[in-house]
Amino acid sequence: MLNFKDHLIGSSAKNDILSGMVVAVALVPEAIAFSFIAHVSPIVGLYAAAILGLITAIIGGKPGMISGATGAVAIVLVGVSLTAKALLIEQGLTGAELSYGIIQYITLTAILAGIIQISIGALKMGKFIRLVPQPALHGFVNGLAVVIASSQLGFLKGADATMYGIVVGTMAIMYLLPKLTDAVPAGLVAIIGFTLVVYYGHIDTKLVGDLANLTEFKGMLPSFSVPTTLFSLDAIKLVLPYAVIIALVGIIESLLTLSVLDEISGKRGSANQECIAQGCGNITCGFFGAMPGCAMIGQSIINYTSGGWGRLSSITAAVGLMLLVATLTDILNIIPIAILVGIMFMVSIGTFEWSSFARITKMPKSDAFVLVTVTGITIVADLAIAVISGVIISALVFAWKHAKVYARTHIEDDGTKVYDFDGPLFFGSVTAFNEQFDIKNDPDNVILDFKDARVMDISGVEAIDAITKKYLEAGKTIKIRHLSHECKSIMSNAKQFCTFEEDDPNYKIVYDY
């Protein structure tokens, strides 16, 4: 039985703690940036990273996975903020009251999204992440790698040679140090080293404090409060569509991140458990004045590549971030932005599935199309749209490839013609099924044998019913062998012509009751 120590710690406690410290620092600019996107105070995003990160670290489906405020969720929250702002301005609210009112709608959205996510996990729907094909997963990873890199370019606006030098130096440390030693995470060495050089060398470069002066949040810890909008039916109606989108986007991004980490670690996480953890985390965020979020693939890969494979690493990241914000804001303010940009550039390089370039020439054209399409949509549009598009394209390709059912025919001694079918009979193969028959020239006695075929959906059942009716109208006798009990029970024309064999199959039909 797995004991608590094994459950909490990955390869070593030291690696987990040091890695968590790197992630805690790396979370700061991301949380601030996503807060600005969502039109809220930086502390709202920082609280989200700490609260959601801590809860998913403890009860999530994958040890070492990092959660917090993310761009995908922040973009959806823009709609909540702008809609709530317009409504509150109509009510005459301004200044601090207006900002407070917007937060009430955002926290309500977090609670509703969390409830939806818990429901998804409780209903065991996390397993549907398996429907995402491998080319779509590679496309998601490649597209996200490009997005991670391009999102750093905003921090480099107006950058000088010094800033670029720190970026390149950080990347060099991240690349070379692990080849020499893995005693300490390369990211932590870069953060400490370049921060000391910049501070004591009085080097003029862009700092974290230039994004937002975190000193004003010193000593502030999240406190419990019930959103004033929680029991307002009008408010719930207003934010519910956004909450549904956030819940689904958050689940998709979290479970895809889990799948990527599964490949890195070689150990499978629990999708349903992660859904429940994300939901619990977002509900808690809603009651502590934070915005909703989800798993963060960039920070999760930083954690894994820095040696943080246990829950202790993500716990350290969440607790460390809260301690930094509450007590060490002066230190956070002097960390050069260029260091964190360099770390994220290396994360982008490490995230990209470079082997997909070699595979793309060898994989089927349909898979290559899915990979490129998902990559492109992830970059220019939205993660959820990209993944859903990949699943739909793959499903259509699969249906097209399998839209064939074949029949071997032979004549028995008594002159009966037997159709032996092979292949899936479903909506896509009904046309091919109907083309197999020669009703006019067939003998008076016909047998349809489905021993090597499987009727997949109601379209297949109706096709058997229809062809039976045609044979009967032609005055011919027909028998049907090896159909499942469910097939026989929902037929109308063919039911009485089915024979019951000892080796009849047993399977369910996809049917909209």
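Trainee: How close do the axes of helix H2 and helix H8 come, and at what angle do they cross?

Mentor: In this predicted model, the axes of H2 (residues 13-37) and H8 (residues 186-200) come within 8 Å and cross at roughly 55°. Axes are lines fitted to C-alpha atoms, for helices over the stretch in contact, and angles run from 0 to 180 degrees between N-to-C directions. Helices (H or I, at least four residues) and strands (E, at least two) are DSSP runs, numbered from the N terminus.

Trainee: What makes H2 oblique to H8?

Mentor: Angles under 35 degrees count as roughly parallel, over 145 as roughly antiparallel, 65 to 115 as roughly perpendicular, and the rest as oblique. The crossing angle is roughly 55°, and therefore H2 is oblique to H8.

Trainee: Which residues of H2 and H8 meet?

Mentor: Leu18, Met21, Val22 and Val25 in H2 meet Gly187, Leu188 and Ile191 in H8; contact means heavy atoms within 4.5 Å. These residues divide into 6 nonpolar, 1 polar and no charged. Ala, Val, Leu, Ile, Met, Phe, Trp, Tyr, Cys and Pro count as nonpolar, Asp, Glu, Lys and Arg as charged, and the others, Gly among them, as polar.

Trainee: Why is His202 called exposed?

Mentor: Exposed means over 50% relative accessible area, buried under 20%, and partly exposed in between (1.4 Å probe, protein chains only). His202 has 72% relative accessibility and therefore counts as exposed. His202 lies in the loop between H8 and helix H9 (208-211), and its phi is near 55°, a positive value in a residue other than glycine. Most residues other than glycine have a negative phi.

Trainee: Is His482 buried or exposed, and how do you know?

Mentor: His482 has 7% relative accessibility, so it counts as buried. His482 is found in the loop between strand E6 (477-481) and helix H21 (485-490). Its phi is positive, about 55°, although His482 is not a glycine.

Trainee: How do you know that strand E5 and E6 pair?

Mentor: Two strands pair if DSSP finds at least two bridges between them. E5 (residues 445-455) and E6 have 5 bridges, in the parallel sense, and Asn445 stands opposite Thr477 in E6. E6 has a covered face with Ile478 and Ile480, and an uncovered one with Thr477, Lys479 and Arg481.

Trainee: Which conventions apply to the model?

Mentor: Residues are numbered from 1 along each chain as its sequence is written, and side-chain values use heavy atoms, with hydrogens and water left out. Local features need pLDDT of at least 70, side-chain atom pairs count only at pLDDT 80 or more, and totals for chains, interfaces and linings use all residues.
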